Amino acid sequence: MHAEASSPAPASPEEPGAAPRKVARVVLLDPDDRILLLHGHEPEDPADDWWFTPGGGVEGDETREQAALREVAEETGITQVDLGPVLWRRRCSFPFAGRRWDQDEWYYLARTAQTATAAPNLTELEKRSVAGARWWTCGELAEARETVYPKRLAELLRTLLDEGPPAEPVTLDTEIV
């Protein structure tokens, strides 16, 4: 995959030529401004791994905000979340679990004081492709040798911490893997 299907992936991806999958992702910060990232990998190849923000596809008639909060709870067990504005928007396309994913991702700022994590409600695919979670400082993220999505996350986080949220969501470069 190389990207984060979301919580890596929904039950069924969009058909070719269909509109991109609507995804809500969360830039979840703790009181020390550390960001929570999930460690994912290809289901059949744990060595093909990366780090990504919690989040996933919008289900049914829920809003992206509702999807963001639901995904954080499902993937991390964190339920005490103050959801803020949309920071960034990104289109991405990547292979994962034998399929191509085309996504329209909105990244929400969120804060929490709850730093213990668990993964109480992962899908079967997530159970085979999510290896854990870790809180990262901005400095650790900037020095990371691991693959992280979105690709400029360390720079984006530094700008967010230095300048605060943007007045309007920033459109990030499209990432095609």
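Visitor: Is arginine 70 buried or exposed?
Guide: In this predicted model, the relative accessible area of arginine 70 is 17%. Since a residue counts as buried when that value is under 20%, the word for arginine 70 is buried.

Visitor: Which residues are joined into one network with Arg70 by salt bridges that share partners?
Guide: The structure holds 14 salt bridges, and some of them share partners. Together with Arg70, the members of this network are Glu59, Glu62, Glu71 and Glu74.

Visitor: What span does helix α1 reach from its first C-alpha to its last?
Guide: Helix α1 has 13 residues, and at 1.5 Å a residue the expected span is 18 Å. The computed reach is close to that expectation, at 18 Å.

Visitor: Which elements cover the buried residues of α1?
Guide: The buried residues of α1 are Arg64, Ala67, Ala68, Arg70, Glu71, Val72, Glu74, Glu75 and Thr76. What covers them includes a helix, α2 (124-129), along with the strands β1, β2, β4, β5 and β6.

Visitor: Which residue just after α1 takes a positive phi?
Guide: Helix α1 comprises residues 64-76, and the residue in question comes just after it, with a phi of about 80 degrees. This residue is glycine 77.

Visitor: Which residue forms a salt bridge with aspartate 102?
Guide: Aspartate 102 counts as partly exposed at 29% relative accessibility, and the closest N and O atoms of the bridge are 3.2 Å apart. The pair links distant parts of the chain, 11 residues apart, with aspartate 102 in strand β6 (residues 99-111) and its partner in strand β5 (residues 82-96). The partner, itself partly exposed at 36% relative accessibility, is arginine 91.

Visitor: Which element gives the most residues to the largest nonpolar core?
Guide: This core has 19 residues, of which Val27, Ile35, Leu37, Trp88 and Leu141 touch the most other members. At least two residues each are supplied by β1 (21-29), β2, β5, β6, α3 (138-143) and α4 (153-163). The element that gives the most, with 5 residues, is α4.

Visitor: Which residues does leucine 141 touch?
Guide: Leucine 141 is one of the core members that touch the most others. Not counting residues up to four places away in sequence, its contacts are Ile35, Leu37, Trp136, Val148, Leu153, Ala154 and Leu157.

Visitor: How many residues are in the second, separate core?
Guide: Among the members of this second core are Ala24, Leu28, Val72 and Val81, and one of these, Val72, is also a buried residue of α1. The core's number of residues is 13.

Visitor: With which side chain does the side chain of histidine 39 make a polar contact?
Guide: Histidine 39 is found in strand β2, residues 35-42. Leaving aside neighbours within four places in sequence, histidine 39 is in contact with Asp49, Trp50, Trp51, Phe52, Ser129, Val130, Ala131 and Gly132. The polar contact, at 2.7 Å, is with the side chain of aspartate 49.

Note on methods. Residues are numbered from 1 along each chain as its sequence is written. This is a predicted model: local features need pLDDT of at least 70, side-chain atom pairs count only at pLDDT 80 or more; totals for chains, interfaces and linings use all residues. Side-chain values use heavy atoms; hydrogens and water are left out. Helices (H or I, at least four residues) and strands (E, at least two) are DSSP runs, numbered from the N terminus. A polar contact is a pair of N or O atoms within 3.5 Å; within protein, one must be able to donate a hydrogen and the other to accept it, and residues adjacent in sequence count only if both atoms are side-chain atoms. Contact means heavy atoms within 4.5 Å. A salt bridge is a side-chain nitrogen of Lys or Arg within 4 Å of a carboxyl oxygen of Asp or Glu. Buried means under 20% relative accessible area, exposed over 50%, partly exposed in between (1.4 Å probe, protein chains only). A nonpolar core is a set of buried Ala, Val, Leu, Ile, Met, Phe, Trp, Tyr and Cys residues joined through side-chain atoms within 4.5 Å. The expected span of a helix is 1.5 Å times one less than its number of residues.
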